[in-house]
Amino acid sequence: MSQQGQLFRLKRTGREGEPLWAYRYRMGGRGSKRVQRGGFACERDAAEALEHELERVRRERRLARSLTLAELVEVYLAQHDVEPVTIEKLRWLLRKAVAVFRERPVAELRAEEIAAWRIALSPGYRFDATQALRQALSRAVVWG
């Protein structure tokens, strides 16, 4: 799980038979490269190392923990590697969500609010706008 990572006890043990711990996380969601580090003397050490690593990855991607939806959309579109016409369509579709949730931190968005926003959209582009928002929010989860 890339947004949280996972701690687990290794099958192998230390020199004196003591248990060893490890962590793992994915860089880009399901199907992406899984990073795993192990050999920690206790679960707490592995948890601290995991948190440190996830924070490093977040900083590397220049993402703050409290991105607003407007900021997320800009970062998402800037890194999305598709044709310019696709970026413009995504920007147009995502503008509908940004108009409503602009300054809201992504972590504070609730499913009920998104559902209410979705139902208020024109049926002609409701599905596409929802899918565009889902893509951006899924990337936010991957980024942590």
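**Exercise 1. At what angle do helix 4 and helix 5 pack, and how far apart are their axes?** Then classify the pair and describe the contact.

Before starting, note that this is a predicted model, in which local features need pLDDT of at least 70 and side-chain atom pairs count only at pLDDT 80 or more, while totals for chains, interfaces and linings use all residues. Residues are numbered from 1 along each chain as its sequence is written, and side-chain values use heavy atoms, with hydrogens and water left out.

*Solution.* Step one is to read the geometry: helix 4 and helix 5 pack at about 150 degrees, with axes 9 Å apart. Helices here are DSSP runs of H or I with at least four residues, strands are runs of E with at least two, and both are numbered from the N terminus. The axes are lines fitted to C-alpha atoms, for helices over the stretch in contact, and the angles run from 0 to 180 degrees between N-to-C directions.

Step two is to classify the angle, where under 35 degrees counts as roughly parallel, over 145 as roughly antiparallel, 65 to 115 as roughly perpendicular and the rest as oblique. Helix 4 is therefore roughly antiparallel to helix 5.

Step three is to list the contact (heavy atoms within 4.5 Å). Helix 4 contributes I114, W117, R118 and I119, and helix 5 contributes R126, A129, T130, L133 and L137. By class these residues are 6 nonpolar, 1 polar and 2 charged, where Ala, Val, Leu, Ile, Met, Phe, Trp, Tyr, Cys and Pro count as nonpolar, Asp, Glu, Lys and Arg as charged, and the others, Gly among them, as polar.

**Exercise 2. Classify the pairs helix 3 with helix 4 and helix 2 with helix 5.**

*Solution.* Begin with helix 3 (residues 84–101) and helix 4 (residues 111–120), which pack at about 125 degrees with axes 11 Å apart. This angle makes helix 3 oblique to helix 4. The contact joins K96, A97, V100 and F101 of helix 3 to E113, I114 and W117 of helix 4, and its residues divide into 5 nonpolar, no polar and 2 charged.

Continue with helix 2 (residues 69–79) and helix 5 (residues 126–143), whose angle is about 90 degrees and whose axes lie 10 Å apart. These two helices are therefore roughly perpendicular to each other. Among the residues that meet are L69, L72 and Y76 in helix 2 and L133, L137 and W143 in helix 5, and the contact has 9 nonpolar, 2 polar and 1 charged residues.

**Exercise 3. Which residues have the most contacts inside the largest nonpolar core?**

*Solution.* A nonpolar core is a set of buried Ala, Val, Leu, Ile, Met, Phe, Trp, Tyr and Cys residues joined through side-chain atoms within 4.5 Å. Buried means under 20% relative accessible area, exposed over 50%, and partly exposed in between, with a 1.4 Å probe and protein chains only. The largest core has 26 residues, and those with the most contacts inside it are L69, L72, L77, L94, W117, L133 and L137. Helix 2, helix 3, helix 4 and helix 5 each give two or more residues to this core. Leaving out residues up to four places away in sequence, L133 touches L69, L94, A97, I114 and W117. Apart from this core lies another, of 6 residues, including Y23, Y25, V35 and L50.

**Exercise 4. Is A70 buried or exposed?**

*Solution.* First locate A70, which is found in helix 2. Its relative accessibility is 15%, so A70 counts as buried. Finally, look for its partners: A70 touches V98 and R102, not counting residues up to four places away in sequence.
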